[in-house]
Structure formats: structure tokens, C-alpha cells
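Please study the sequence and the model before reading the solutions.

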Amino acid sequence: MYVPKNFAMLDEETAAALANVDLAHLVTHDADGYLVTPIPLLYRTATNTLVGHVSRANPHWRRTGPSVAIFAGPQAYISPSFYATKAETGKVVPTWNYEVLTVHGVLTAHDDPDWVRTLVTELTDRHEQGRDAPWGIDDAPAAFTAAQIRAIVGIELSIDQVEGKKKMSQNQPERNRTGVIEGLRRSDRSSDQYVAERVADLNISD
């Protein structure tokens with residue numbers, strides 16, 4: 001991934017992002033070409049791996065090897081009309097603000113019901129935490145759960161490299177960043193509102 005220096009996430013930022021990953025686009029390339037699967041993944045600190053599962057019918061678990069998991073963060077279109085410098089010089093163009101995390105590694109499969117059950121339990125507990133009545137894997141009938149587990153295969157990405165890119169108007173003077181924040185806050189889109197806060201959180205001295 002091309003990451004200009006001023007858009008590179010700090011190590012602590014990539015570590016925090018990795019600890020809170022959710023849906024990824026998992027990409028694997030082999031002699032048959034590219035295979036892409038949207039998949040929720042979980043980071044295991046002890047093994048420095050990303051883990052998840054796919055349907056047994058999905059060929060991705062059979063096509064292992066070098067892979068990359070792409071996690072898209074907040075994003076928003078940035079209009080030139082947001083910039084104070086539009087009125088000053090007119091030398092402005094549209095752009096996009098976004099955050100993205102790419103995780104490179106080697107993909108392996110786990111066609112093992114015990115491994116998969118442990119993973120499903122971990123994923124469920126992670127995403128059900130904080131709910132008033134969290135659902136647990138043991139809430140479903142045992143035979144039903146066993147059949148569902150047999151229908152999926154675990155996958156694990158052993159991490160070699162993590163890259164984080166945060167493009168949140170760092171390359172703009174303060175008056176333009178202020179305009180971006182104000183412009184996005186006028187939007188009805190929740191994603192625009194979130195990006196406005198991300199830009200506002202930047203601590204940059206011009």
C-alpha cells in the first residue's frame with residue numbers, strides 16, 4: 001500500500017486498530033488468480049494471527065498461502081467548497097478522507113470442529129459483550145450447533161506485516177481543516193460526522 005509519511009499511522013495506532021478489527025476483505029492470490037472474501041476476523045495477541053471462518057462451500061479455505069486482510073475504516077468525500085483557500089486562490093480539488101489497515105501474512109485452514117468451535121465462541125463473546133442479554137454458543141441446541149460448525153472451516157492469517165494509513169486532512173492548513181470539520185458536520189451522514197470528529201482530533205501545528 002502506498003503510504004505517504006504524513007499519512008502513516010503510528011505504531012500505537014496500528015496496534016489499537018488491530019486489536020479492534022471486525023469485517024475484512026481477505027484477498028489471496030495463486031495460480032488461479034485472485035479470491036476475495038468479506039469475513040469478520042479476530043486478532044489473537046498470543047499468536048499474532050487473525051482468525052475467522054468461511055463456509056465449507058467457499059473455495060477460499062482451499063486456496064491458502066500469501067494473503068492480505070484489508071480493513072476499511074471511516075471515510076468521507078471532501079468537497080473543495082469546504083476549503084478557505086478556495087476563495088483565496090481557487091487552487092483546490094476534490095479528495096477523500098479515510099482510514100485503512102492492511103495486514104499481510106500467510107493463510108492456513110483449520111478443518112477441525114474443536115478449533116472452529118473455540119473460534120466461534122471467541123467471535124461471539126467479542127461481539128455480544130455489552131448487550132443486555134448476550135447470546136452464547138450454548139444457547140442453541142447442541143445438535144444444531146454441531147451441524148453448523150461442520151458447515152464451516154476455520155482460517156488463520158499468520159501476520160508478517162501491518163500497515164495503517166490515515167488520511168484526515170493532515171496535509172491542509174488549519175483554516176482548511178476547520179472548513180472540512182464544519183462542512184462534514186453539516187451532513188446528515190453518520191460517516192461524515194465521524195470523519196469530522198477524526199479531523200478535529202488531529203493535533204497539528206501549521
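**Exercise 1: a helix pair**

Describe how the axes of helix H5 (residues 174-185) and helix H6 (residues 190-201) are arranged.

Solution. Step 1: the two axes come within 8 Å and cross at roughly 155 degrees. Step 3: Arg177, Val180, Ile181, Leu184 and Arg185 of H5 meet residues of H6 including Asp192, Val195, Ala196 and Val199, contact being heavy atoms within 4.5 Å.

The model is predicted: local features need pLDDT of at least 70 and side-chain atom pairs 80 or more, whereas totals for chains, interfaces and linings use all residues. Numbering starts from 1 along each chain as its sequence is written, and side-chain values use heavy atoms, without hydrogens and water.

**Exercise 2: the cores**

Identify the residues that touch the most other members of the largest nonpolar core.

Solution. Step 1: among the 19 core residues, these are Leu18, Leu41, Leu50, Ala69, Phe71, Val103 and Ile155. Such a core joins buried (under 20% relative accessible area, 1.4 Å probe, protein chains only) Ala, Val, Leu, Ile, Met, Phe, Trp, Tyr and Cys residues through side-chain atoms within 4.5 Å. Step 2: strands S1, S4, S5, S6 and S7 each give two or more residues, and S7 supplies the largest share, 4 residues. Step 3: a second, separate core of 13 residues includes Ala76, Val92, Ile181 and Leu202.

Notes
Buried means under 20% relative accessible area, exposed over 50%, partly exposed in between (1.4 Å probe, protein chains only). Axes are lines fitted to C-alpha atoms, for helices over the stretch in contact, and angles run from 0 to 180 degrees between N-to-C directions.
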